[in-house]
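Student: I have this structure to read for class. Please take me through it a piece at a time.

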Amino acid sequence: MSTYAIGDLHGCHAEFVTLLEQLNFNPARDTLWLVGDLINRGPGSLACLREVRALGSAARSVLGNHDFHLLVVARGGGKLKKNDTLNDILSAPDRDALLDWLQSLPLSIFEHNTLMTHAGLLPQWSASQAETLGREVQAALTSETSGQFLTQLFGNQPDTWRDDLDGMDRLRLIVNVLTRMRFIDSQGRLDFASKEGLDSAPEGFLPWFQYPRTDDIQLLFGHWAALEGKTPQARVPVEGLDTGCVWGGRLTALNLDSGKRVSVASCQRRA
């Protein structure tokens with residue numbers, strides 16, 4: 001009986017199946033934690049959604065920014081982008097069932113002192129606070145006004161957390177922290193422009209995991225393919241799981257019991 005945390009699938013279905021074979025994964029005894037961004041950019045987005053959903057309780061996933069993008073396009077009036085690979089999902093006969101399932105997913109998983117979110121955790125947030133804030137977003141996602149919520153979701157403001165934030169400003173920042181964060185400054189202000197490696201940090205900003213915390217929880221995250229799963233000078237116990245499969249890298253699984261990593265190479269080489 002093993003639990004595996006797997007990095008961003010991004011529609012790399014063939015690699016996902018190969019990785020499960022490498023792990024000798026058995027849904028009757030084993031569990032997957034998926035770090036979000038199940039879809040988009042890769043060629044098998046629809047197949048990835050169907051595969052993960054079919055695993056039932058053996059697979060647990062958090063929402064990533066690309067998953068939110070799909071929901072905004074499908075149900076919040078958003079538009080597809082040039083490099084999106086979401087048309088198969090949007091035209092699928094089981095579209096609504098897949099979207100309902102995706103919309104029900106949490107923004108974090110916290111068990112046995114390990115917290116997984118798509119992008120990371122603000123240094124000033126505890127794991128239990130992240131869970132509570134994520135549930136606020138889940139409530140909006142599953143409410144009768146979820147379409148209105150999705151219509152207003154995207155944006156870069158506010159960019160700094162305050163406990164007294166409310167309404168869409170509060171919900172938008174929670175989503176941005178948990179699904180889009182990379183670099184922050186000492187006040188926790190998010191930078192949304194820099195998406196490459198550590199040398200792209202704006203002046204006065206550091207990766208979120210290079211700030212100290214007052215607890216000793218283990219943090220699992222994806223989202224940042226340019227790091228290739230590496231977290232140099234991390235000030236917290238942290239595991240980066242996005243090893244850039246859709247960009248020609250690898251798809252990686254971390255055994256949460258043994259700490260061992262298993263990776264498979266991408267068969268979809270991207271420029």
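Tutor: One definition before we begin: helices (H or I, at least four residues) and strands (E, at least two) are DSSP runs, numbered from the N terminus. Also keep in mind that this is a predicted model.

Student: OK. Where is G259 found, then?

Tutor: G259 sits in the loop between β11 and β12.

Student: Is G259 buried, exposed or partly exposed?

Tutor: Its relative accessibility is 46%. Buried means under 20% and exposed means over 50%, so G259 counts as partly exposed.

Student: What separates the C-alpha atoms of G259 and E239?

Tutor: A distance of 9.8 Å, and along the chain the two residues are 20 residues apart.

Student: Back to β11 and β12. Which strands form the open sheet with them, and in what order?

Tutor: The order is β3-β2-β1-β11-β12, five strands in an open sheet with mixed pairing. At the edges are β3 (59-61) and β12 (261-265), each of which pairs on one side only. From one strand to the next, the twist averages 20°.

Student: How many bridges join β1 to β11?

Tutor: Three, with β1 (residues 3-6) and β11 (residues 250-255) running antiparallel. To pick out a pair, I6 has A253 in β11 as its bridge partner.

Student: Which helix packs on the sheet?

Tutor: Helix α1 (residues 13-23) does, touching β1, β2 (31-34), β11 and β12. The direction of α1 makes about 140° with that of β12.

Student: And side chains in a strand, where do they go?

Tutor: In a regular strand they alternate between the two faces of the sheet.

Student: What about C48, which cysteine sulfur is closest to it?

Tutor: The one in C12, at 6.9 Å, and that is too far for a bond.

Student: Is C12 buried or exposed?

Tutor: Buried, because its relative accessibility is 0%. C48 is buried as well, with a relative accessible area of 0%.

Student: Now the helices. At what angle do the axes of α6 and α8 cross?

Tutor: At roughly 120°, and the axes come within 10 Å. Here α6 is residues 127-141 and α8 is residues 167-180.

Student: What do you call an angle like that?

Tutor: Roughly perpendicular covers 65 to 115 degrees, and roughly antiparallel is over 145. The crossing of α6 past α8 is left-handed.

Student: Which residues make the contact?

Tutor: On α6 they are A130, L133, G134, E136, V137 and A140, and on α8 they are R170, L171, I174, V175 and L178.

Student: How do the axes of α6 and α7 cross?

Tutor: They cross at roughly 120° and come within 7 Å, with α7 being residues 146-153. That makes α6 and α7 oblique to each other. V137, A140 and L141 of α6 meet S146, F149 and L150 of α7 in this contact.

Student: What order do β6, β7 and β8 have in their open sheet?

Tutor: β7-β6-β8, with antiparallel pairing. The edge strands, β7 (190-191) and β8 (206-207), each pair on one side only. Strand β6 (residues 183-184) pairs with β7 over two bridges, and F183 stands opposite D191 in β7.

Student: Last bit. Which strand pairs with β4?

Tutor: β5 does, in the antiparallel sense and over four bridges, with β4 covering residues 108-111. E111 stands opposite T114 in β5. The β4 and β5 hairpin has two residues between its strands, and H112 takes a positive phi near 50° there.

Student: Which strand does β5 run parallel to?

Tutor: β9 (residues 218-221), joined to β5 (residues 114-117) by three bridges. M116 stands opposite L220 in β9. β9 also pairs with β10 (residues 238-240) in the parallel sense, over three bridges. L220 has E239 as its bridge partner in β10, and E239 is the residue whose C-alpha we compared with that of G259.

Note on methods
Residues numbered from 1 in each chain as written. Predicted model: local features only at pLDDT ≥ 70, side-chain atom pairs only at ≥ 80, totals over all residues. Heavy atoms only, no water. Pairing = 2+ DSSP bridges. Buried < 20%, exposed > 50% of the residue type's maximum accessible area, 1.4 Å probe, protein only. Disulfide = S-S within 2.5 Å. Axes fitted to C-alpha atoms, helices over the stretch in contact; angles between N-to-C directions. Left-handed = near helix turned anticlockwise from the far one by under 90°. Contact = heavy atoms within 4.5 Å. Parallel < 35°, antiparallel > 145°, perpendicular 65-115°, else oblique.
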